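Subject: Structure handover

Hello,

Please find the structure below, with notes on what was found in it. The notes go from the whole chain to single residues.

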Amino acid sequence: MKNKKLVICSTGPLHNWFEEQIKMRNLDNILFEGFVSDERLSELIGNCYAGIYIPVDEDFGMTQIELMAAGKPVIGVEEGDFSKRL
């Protein structure tokens, strides 16, 4: 989806790898911002179509709550609390 932007605002063990891959592949529509301020996060959430949450051994947290509070869908993986079925 070259006409859409993906903004990654997170840190973690793969942070350097993400930055290298984005530069190496000239992925102009992917922006890696790393850790962002609360104000920037509010701006990103307010203007996004959806949020992507890929936890590793993590419970349901603030990321999903903030996205859903803004009326945005959350795309997740079958890991952590996303894997629990009702």
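The protein chain has an accessible surface of about 6,900 Å², and carbon and sulfur atoms account for 56% of that surface. Accessible areas come from the Shrake-Rupley method with a 1.4 Å probe, and for residues only the protein chains shown count as cover.

This is a predicted model, in which local features need pLDDT of at least 70 and side-chain atom pairs count only at pLDDT 80 or more, while totals for chains, interfaces and linings use all residues. Residues are numbered from 1 along each chain as its sequence is written, and side-chain values use heavy atoms, with hydrogens and water left out.

Overall layout

There are three helices and four strands in the protein chain; helices (H or I, at least four residues) and strands (E, at least two) are DSSP runs, numbered from the N terminus. Along the sequence, they follow the pattern β-α-β-α-β-α-β. Of the 86 residues in the protein chain, 20% are buried. Here buried means under 20% relative accessible area, exposed means over 50%, and partly exposed lies in between (1.4 Å probe, protein chains only). Of the contacts (heavy atoms within 4.5 Å) between residues at least 6 apart in sequence, 41% join residues at least 24 apart.

Aromatic rings

A pair of aromatic rings is described by the distance of the centres and the angle of the planes. Rings of Phe, Tyr and Trp (its six-membered ring) pair if their centres lie within 6.5 Å; planes under 30 degrees apart count as stacked, over 60 as edge-to-face and the rest as tilted. The structure holds two such aromatic pairs. Trp 17 and Phe 18 make an edge-to-face pair, because their ring centres are 5.4 Å apart and their planes are at 65°. The pair of Phe 18 and Phe 32 is stacked, at 6.2 Å centre to centre and 25° between the planes. Phe 18 lies in helix α1 (residues 15-24) and Phe 32 in strand β2 (residues 30-32), so this pair ties together parts that are 14 residues apart in sequence. Trp 17 is partly exposed at 45%, and Phe 18 is partly exposed at 31%.

Salt bridges

Side chains of opposite charge can pair when their charged atoms come close. A salt bridge is counted when a side-chain nitrogen of Lys or Arg is within 4 Å of a carboxyl oxygen of Asp or Glu, and the count comes to two. Which residues do they link in a network? The network consists of Glu 33, Arg 40 and Glu 43. Arg 40 meets Glu 33 at 2.6 Å, N to O, and Glu 43 at 2.8 Å, N to O. Arg 40 and Glu 43 are both in helix α2 (residues 38-47), three residues apart, which is about one turn of the helix. Glu 33 counts as partly exposed at 23% relative accessibility, as do Arg 40 at 25% and Glu 43 at 42%.

Surface patch

Leu 6, Ile 52, Ile 54, Ile 75 and Val 77 form a nonpolar patch on the surface, with about 440 Å² of accessible area together. Patches are made of residues with over 30% relative accessible area and no salt bridge: like charges are joined within 9 Å, nonpolar side chains (Val, Leu, Ile, Met, Phe, Trp, Tyr) within 5 Å. One of the patch residues, Ile 75, is in strand β4 (residues 74-76) and counts as partly exposed at 47% relative accessibility.

Regards
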